[in-house]
Amino acid sequence: MITMQTLPEIKVRLENAVPGARIEIVANDSPANQPSLLIDAEHGRAIAQFLRDDPEFKFDYASNVTGIDWLGKTPGYLEAVYHLYSVALRQGPLILRLRTENRSDKVTLPSLTPVWRSCELQEREIFDLYGIIFDEHPDLRRILMWDGFVDHPMRKDYVEPDDYEYEPTPHDDVLEKARLHYPAKEAAV
Amino acid sequence: MIAECCKAEKGHDLLEVSMGPHHPSTHGVFRMDVVLDGETVVKLKPVFGYLHRNHEKIAEKNSYLASIPYTDRLDYICSMTNNWAYVLTVEKLSGISVPERSEYIRIIVSELTRLFNHTCLAGFLLQDMGALGTPLMYAFREREKILDLFEALTGSRMMCNYMRFGGCRCDVSADWIKQASAVVDRYSPFLEEFEALITGNEILRVRSQGVGILSGDLAVNAGVTGPMLRASGVNYDIRKVDNYGLYGRFEFRVPLGQTGDVFDRYMVRILEMHESIKILKAALLTIPAGPIMDPKAKLRNLRPKTGEAYGRIEGPKGELGFYLISDGTANPYRYRVRPPSLVNLTILEDMCLGQTIADVVVILGSVDIVLGEVDR
């Protein structure tokens, strides 16, 4: 179990191994005691590569990969979180966080799929539900929502559509609901 | 579309087949876009999302307690292990301890779940190979005995909604323990019978040996967990690695495969069931008396301190993890399920390339997916 005591050492080692990397320790106040490392997007891939290949770390297994939408922060940003374990050395979790600059146009992060294949489907899911674009991901498409879908449903400011016409196969009560939603349109007809 | 692209490379016509979503071998609503050169697979793309209901979004709008019944519906075959992974994470997040008796009950119900999950998987796998009906019905007959136990304990066969933060919803009676012991005692003879019928069967051997080989290195890199990882020869069982619950008190071995083919995956599961029976016998014999709930645990209106936690258990299908972020309010700011079935599908294409279309069905069957969990 990696705790707050060893995390500063890891930070120093990473900074020495990857020149120019900007790393920050993110504290975690819960009793779980799982603090994480915030790494910069530019050196993200190099840091991940080092963590995987270094004989003392050998974080060969990226278990959980997920996104978070921090709408309330100013400015708001999106985050990708990676929970790393080492199968070879049986240690972990080491938690990596990558942040986008904002929530609208600068949402690109480096994909870590070239380092860990297990990120492939999970990064696709983050792209689908949160809208983070992963650079150099081999197959970045929607995964859970259908291809024609717009917007990202896991974002905190997502508004559920109530025009059920958008359903692929609208039927009687759905159409009725849609009719109630657009009274003006009907009056025009 | 994909077939058109591949045509230029091969110089002759390829056939693109859409397998599923409504196909008995896909174990739910799952689709594979398969490109075939004759009978050989040259490309395979899995397509998900038919059962997507944004479970995570629903849970972020619910209180912590209200999400427990929803977790039953993730891997709808193994509701008990889903419950455990979730309550374990909430306990980590809010620092709740669990009484010893409850830990024993959790191990008992989870190992029972593992037993019938693996039994059913063996039945389904044989169904996929063409042994229609009989093996599956043998498996379901045994599963029903365990489901009866669950019904007696929780009131529901499959959607148990049984565990709570800091313990379990209701206590097991002495009579229930006796019934459970009887079921467990009868399980070994059943497994022996099942194996005598099936493991040596020539059709099973020919269809599974050397099919869908997955190397250990690729398996680790692709995040494959559970029996699939161990079939590839990697010794990684979270019950041993994390020692969560009271697994440290029980003696059991971790079966490993050598080649990582479909047969190894089948065999690892059979051997794991024998180990589960060992754990169950010991747990049922030594379960201590005492309370089943931590008196300090708060169920309703639980507001964990700001922070986050990732908890994981060795589910029957692999590493089942939950990642929760609390912002101090009554519902989680972020609720994430790390589904083993989804991540185990990452290397489906790698295992299927160069195999025949009939083997794709068997390889998918050996992965052991449940779409409630893949699509969430």
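Helix 12 of chain B is mostly covered in this predicted model. Of its 25 residues, 18 are buried, with burial meaning under 20% relative accessible area. The helix runs over residues 262–286 and reaches 36 Å from its first C-alpha to its last. That is close to the 36 Å expected at 1.5 Å a residue.

In helix 1 of chain A (residues 7–17), L7(A), I10(A) and L14(A) are buried. They sit on the same side of the helix because they cover an arc of only 55° around the axis. An α-helix has 3.6 residues a turn, so residues three or four places apart point the same way. The face turned away from the buried side carries the exposed residues E9(A) and N16(A).

| Element of chain A | Residues |
|---|---|
| strand 1 | 23–26 |
| strand 2 | 36–39 |
| helix 2 | 44–53 |
| strand 5 | 91–99 |

Back in chain B, 3 strands form an open antiparallel sheet in the order 1-2-3. Strand 1 (15–19) and strand 3 (40–47) of chain B each have a single partner strand, so one side of each is left without a neighbour in the sheet. Neighbouring strands are turned by 20° against each other on average, direction ignored. Strand 1 of chain B is joined to strand 2 (residues 31–37) of chain B by 5 bridges. E16(B) has V35(B), in strand 2, as its bridge partner. Helix 15 of chain B (residues 357–367) packs on the sheet and touches strand 1, strand 2 and strand 3 of chain B. Its direction makes about 150° with that of strand 2 of chain B.

Methods: Residues numbered from 1 in each chain as written. Chains lettered and ligands numbered in written order. Predicted model: local features only at pLDDT ≥ 70, side-chain atom pairs only at ≥ 80, totals over all residues. Heavy atoms only, no water. Pairing = 2+ DSSP bridges. Helix = DSSP H or I, 4+ residues; strand = E, 2+ residues; numbered from the N terminus. Axes fitted to C-alpha atoms, helices over the stretch in contact; angles between N-to-C directions. Contact = heavy atoms within 4.5 Å. Expected span 1.5 Å × (residues − 1). Buried < 20%, exposed > 50% of the residue type's maximum accessible area, 1.4 Å probe, protein only. Arc of directions from axis to C-beta.
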